[in-house]
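Please have the sequence and the structure open while reading.

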Amino acid sequence: MTRISRMNRIMIIGGPGAGKSTLATALSSKLGLPVIHMDRIFWQSGWTPRPREEMLRLSQAAAAQRDWIIDGNYASTWDRRAERADLILCLDLPRHVRMAGILWRILSGYGKVRPDMAEGCPEQADWDFLKWSWNYDRDSRPKMRDFAEGWGRTRRVEFLTSRAEVQKFLNRL
């Protein structure tokens with residue numbers, strides 16, 4: 001059984017479409033911890049990025065809270081969250097699984113605002129996002145892995161590499 005009863009702060013990072021927000025919501029249901037979605041901190045209505053300084057200030061305030069599950073990337077905020085995290089979960093799923101997740105999200109929620117997204121940001125098909133997502137393994141995944149492995153010296157870090165591993169992790173709680 002995974003010992004998580006002393007975990008008050010859980011950081012979830014990983015590729016687009018990996019299921020970070022879904023995992024955060026499931027963990028919150030099991031552990032009673034509040035969820036903070038980085039997409040709500042980063043985006044403003046109309047898919048407008050929040051000014052960098054404001055986004056950093058809000059993410060630092062979120063990380064300073066006593067208890068949390070924070071899901072999302074935004075690498076400029078990783079270190080501050082990791083400093084406070086009891087557990088860092090890295091969803092390191094294969095590209096085909098992540099892309100299927102993104103396509104399902106677009107098809108099933110097109111035009112609707114997801115619960116983990118900022119108000120005024122309805123689901124859409126965005127070519128730049130799809131291109132970035134496709135290239136994630138080459139452009140961003142190595143940075144995420146290096147980050148997590150580095151923090152693994154002082155924090156508990158778990159890499160989950162399939163939907164089955166995510167489900168097994170949840171079942172162990």
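A nonpolar core is a set of buried Ala, Val, Leu, Ile, Met, Phe, Trp, Tyr and Cys residues joined through side-chain atoms within 4.5 Å. Buried means under 20% relative accessible area, exposed means over 50%, and partly exposed is in between (1.4 Å probe, protein chains only). The model is predicted: local features need pLDDT of at least 70, side-chain atom pairs count only at pLDDT 80 or more, and totals for chains, interfaces and linings use all residues. Residues are numbered from 1 along each chain as its sequence is written, and side-chain values use heavy atoms, with hydrogens and water left out.

**Nonpolar cores**

- The largest nonpolar core has 27 residues, and those with the most contacts inside it are Met 11, Ile 13, Trp 43, Trp 68, Ile 88 and Phe 147.
- Two or more residues of this core come from each of strand S1 (9-14), helix H2 (38-42), helix H3 (52-63), strand S5 (68-71), helix H4 (78-84), strand S6 (87-91) and helix H8 (141-151). Helices (H or I, at least four residues) and strands (E, at least two) are DSSP runs, numbered from the N terminus.
- Another core, of 17 residues, lies apart from it; Leu 33, Ile 69, Leu 93 and Phe 169 are among them.
- In soluble globular proteins, nonpolar side chains tend to be buried together.

- Met 11 lies in strand S1 and counts as buried, at 0% relative accessibility.
- Leaving aside neighbours within four places in sequence, Met 11 is in contact (heavy atoms within 4.5 Å) with Trp 68, Ile 70, Trp 78, Arg 81, Ala 82, Ala 85, Leu 87, Ile 88, Leu 89 and Phe 147.
- Phe 147, leaving aside neighbours within four places in sequence, is in contact with Met 11, Ile 13, Trp 78, Asp 79 and Ala 82.
- Met 11 and Gly 46 are 35 residues apart along the chain, and their C-alpha atoms are separated by 27 Å.

**Helices H5 and H6**

- The axes of helix H5 (residues 95-109) and helix H6 (residues 127-134) come within 10 Å and cross at roughly 160 degrees. H5 is therefore roughly antiparallel to H6.
- Axes are lines fitted to C-alpha atoms, for helices over the stretch in contact, and angles run from 0 to 180 degrees between N-to-C directions. Angles under 35 degrees count as roughly parallel, over 145 as roughly antiparallel, 65 to 115 as roughly perpendicular and the rest as oblique.
- H5 contributes Arg 95, Arg 98, Met 99, Ile 102, Arg 105 and Ile 106 to the contact, and H6 contributes Phe 129, Leu 130, Ser 133 and Trp 134.
- These contact residues of H5 and H6 divide into six nonpolar, one polar and three charged. Ala, Val, Leu, Ile, Met, Phe, Trp, Tyr, Cys and Pro count as nonpolar, Asp, Glu, Lys and Arg as charged, and the others, Gly among them, as polar.
- Phe 129 of helix H6 counts as partly exposed, at 30% relative accessibility. Leaving aside neighbours within four places in sequence, Phe 129 is in contact with Pro 16, Ile 102 and Arg 105.

**Helices H1 and H9**

- The axes of H1 and helix H9 (residues 163-172) come within 11 Å and cross at roughly 10 degrees. H1 and H9 are therefore roughly parallel to each other.
- Leu 23, Ala 26, Leu 27 and Lys 30 in H1 meet Val 166, Phe 169 and Leu 170 in H9. By class, this contact has six nonpolar, no polar and one charged residues.
- Lys 30 lies in helix H1 (residues 20-31) and counts as partly exposed, at 46% relative accessibility.
- Not counting residues up to four places away in sequence, Lys 30 touches Leu 170 and Leu 173.
- The C-alpha atoms of Lys 30 and Asn 171 are separated by 9.9 Å, with the two residues 141 apart along the chain.

**Loop residues**

- Thr 77, in the loop between S5 and H4, is buried, with a relative accessible area of 3%.
- Leaving aside neighbours within four places in sequence, Thr 77 is in contact with Met 38, Met 55, Leu 56 and Ser 59.
- Tyr 74 is also found in the loop between S5 and H4; Tyr 74 has a positive phi of about 55 degrees although it is not a glycine.
- Trp 47 is found in the loop between strand S3 (43-44) and strand S4 (48-49). Phi of Trp 47 is near 60 degrees, a positive value in a residue other than glycine.
- Trp 47 is partly exposed, with a relative accessible area of 22%.
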